[in-house]
Amino acid sequence: PREPVVFEGHSGSVVALGVMPDGRIASGSYDNTVRLWDPVRPSGPVVFEGHSNSVIALAVLPDGRIASGSGDNTVRLWDPARPSEPVVFEGHSDSVRALAVLPDGRIASGSQDNTVRLWDPAGERPVRLFAADAPVICIAATPNGLIVDGCADGGVHFLREL
């Protein structure tokens, strides 16, 4: 068997992963960073810095941009070609725990503040806001645009964006 490739560089636990369309791996960590690793050419990673708290959620858009959710209550959208210039989405009042990308490219974020927000990756304001019954822990999007969230109270909610 082949020896595994080990990527080292985060100074805190890695708690979120995403796979880029070209096979690179994005990782989010308690060290407040996102790192982009290339398993084919394992040189140093591209480092995305800007969050002021742990990066606890990642989602990769089809065009290769990376969305990160953090304990700093923000979602940031990173372009690997310009890692120091993220688009910052603000509006949550507590940690962003979960992210998903809808088929049309919008980003859904779930938060400890009992909300799910939809963001247009071309702008900075939420497109739509959904209230949940408890802190949102995980979120998924189906191919037909259905958003599903899982909450701390054990509930699973189906939200349709029309």
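Figure 1. F7 is partly exposed, with a relative accessible area of 28%, whereas W37 is buried, with a relative accessible area of 5%. Both residues belong to a predicted model, and a search of the whole structure finds 3 aromatic pairs in it. The ring centres of F7 and W37 lie 5.0 Å apart and their planes meet at 25 degrees, so this pair is stacked, given that planes under 30 degrees apart count as stacked. Distant parts of the chain are linked by the pair, since F7 lies in the segment before strand 1 while W37 belongs to strand 3, and the two residues are 30 residues apart.

**Figure 2. The aromatic pair of F89 and W119.** How are the rings of F89 and W119 placed, in terms of the distance between centres and the angle between planes? The two residues form an aromatic pair that is tilted, with 5.2 Å from centre to centre and 40 degrees between the planes. This pair also links distant parts of the chain, with F89 in strand 8 (residues 82-89) and W119 in strand 11 (residues 115-119), 30 residues apart. Both F89 and W119 are buried.

**Figure 3. The surroundings of G50.** G50 is found in the loop between strand 4 and strand 5 (55-60), where this glycine is partly exposed, with a relative accessible area of 37%. Which residues does G50 touch, not counting residues up to four places away in sequence? The contacts of G50 on that count are R76 and W78. A further point of reference is P83, which is 33 residues apart from G50 along the chain, with 9.7 Å separating the C-alpha atoms of the two residues.

**Figure 4. The hairpin of strand 13 and strand 14.** Strand 13 (residues 136-141) and strand 14 (residues 146-151) run antiparallel and are joined by 5 bridges, one of the pairings being that of A140 with V148 in strand 14. The two strands form a hairpin with 4 residues between them, and in the turn G145 has a positive phi of about 90 degrees.

**Figure 5. The protein as the setting of the close-up views.** The protein contains 0 helices and 15 strands. Its radius of gyration is 15 Å, close to the 15 Å that the globule rule gives for 162 residues, so the protein is as compact as a globular protein of that length. The C-alpha trace spans about 45 × 35 × 30 Å along its principal axes, and 46% of the 162 residues are buried. Of the contacts between residues at least 6 apart in sequence, 36% join residues at least 24 apart. The accessible surface comes to about 8,100 Å², and 50% of it belongs to carbon and sulfur atoms.

Notes: Residues numbered from 1 in each chain as written. Predicted model: local features only at pLDDT ≥ 70, side-chain atom pairs only at ≥ 80, totals over all residues. Heavy atoms only, no water. Buried < 20%, exposed > 50% of the residue type's maximum accessible area, 1.4 Å probe, protein only. Contact = heavy atoms within 4.5 Å. Rg over C-alpha atoms; globule rule 2.2 N^0.38 Å. Areas by Shrake-Rupley, 256 points an atom, 1.4 Å probe, with all protein chains shown as cover. Pairing = 2+ DSSP bridges. Phe/Tyr/Trp six-rings, centres within 6.5 Å; stacked < 30°, edge-to-face > 60°.
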